[in-house]
Amino acid sequence: MSVDIDWFAFLTVFIAALVGATVIVSFYALGLRLMVRSGRAPIVTPAEFTDAITVISEKEARRAAKQAAKAAKKSPLTEGQKRLAFVGAYGCFAFCALVVIAGIYLLVAGH
């Protein structure tokens with residue numbers, strides 16, 4: 001009994017996975033960048049963790065929110081450009097979601 005490996009198929013899957021991961025990460029990063037440019041920086045409130053994870057204080061969280069609001073006011077973009085950046089951000093996030101759903105579909109339904 002011998003095991004034959006189709007190295008071309010392995011290389012094809014490797015390249016497809018690498019390109020897919022790069023595309024998803026790039027579009028997600030672009031979506032975050034557009035979200036910040038639109039003046040709506042995502043601020044995550046601190047959570048309580050145990051062990052070695054550092055948690056920011058409420059004071060630091062308020063300061064970060066204040067800095068984000070100040071940066072949003074300083075934006076050189078017009079309201080229309082901010083709105084377009086916001087729509088573009090959600091478009092990038094929707095594209096990422098569709099790519100993930102298509103990948104799951106290929107795994108489950110596609111042979």
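## What counts as a pocket

On a 1 Å grid over the protein atoms alone, a pocket is an open set of points with protein on both sides within 12 Å along at least five of seven lines, whereas a cavity is a set of points where a 1.4 Å probe fits but cannot get out; a residue belongs to the lining if it has an atom within 4 Å of a point. Grid points are joined across faces, edges and corners, and the volume is the space filled by probe spheres set on the points.

The model here is predicted, so local features need pLDDT of at least 70 and side-chain atom pairs count only at pLDDT 80 or more, while totals for chains, interfaces and linings use all residues. Residues are numbered from 1 along each chain as its sequence is written, and side-chain values use heavy atoms, with hydrogens and water left out.

## The overall layout

The protein chain has 3 helices and 0 strands, running α-α-α from the N terminus on. Helices (H or I, at least four residues) and strands (E, at least two) are DSSP runs, numbered from the N terminus. Of the 111 residues, 11% count as buried, meaning under 20% relative accessible area; exposed is over 50%, and partly exposed is in between (1.4 Å probe, protein chains only).

## The largest pocket

The largest pocket holds about 150 Å³ of space. Its lining is Gly-20, Ile-24, Val-99, Val-100, Gly-103, Leu-106 and Leu-107.

By class, the lining has 5 nonpolar, 2 polar and no charged residues. Here Ala, Val, Leu, Ile, Met, Phe, Trp, Tyr, Cys and Pro count as nonpolar, Asp, Glu, Lys and Arg as charged, and the others, Gly among them, as polar.

## One salt bridge

The count comes to 1 salt bridge (a side-chain nitrogen of Lys or Arg within 4 Å of a carboxyl oxygen of Asp or Glu). Lys-82 pairs with Glu-79, their closest N and O atoms being 3.8 Å apart. Both lie in helix H3, 3 residues apart, about one turn of the helix. Lys-82 counts as buried because its relative accessibility is 13%, whereas Glu-79 is exposed at 54%.

## A look at Ala-65

Ala-65 sits in helix H2 (residues 58-73) and is partly exposed, with a relative accessible area of 33%. Ala-65 and Pro-42 are 23 residues apart in sequence and 9.5 Å apart in space, C-alpha to C-alpha.
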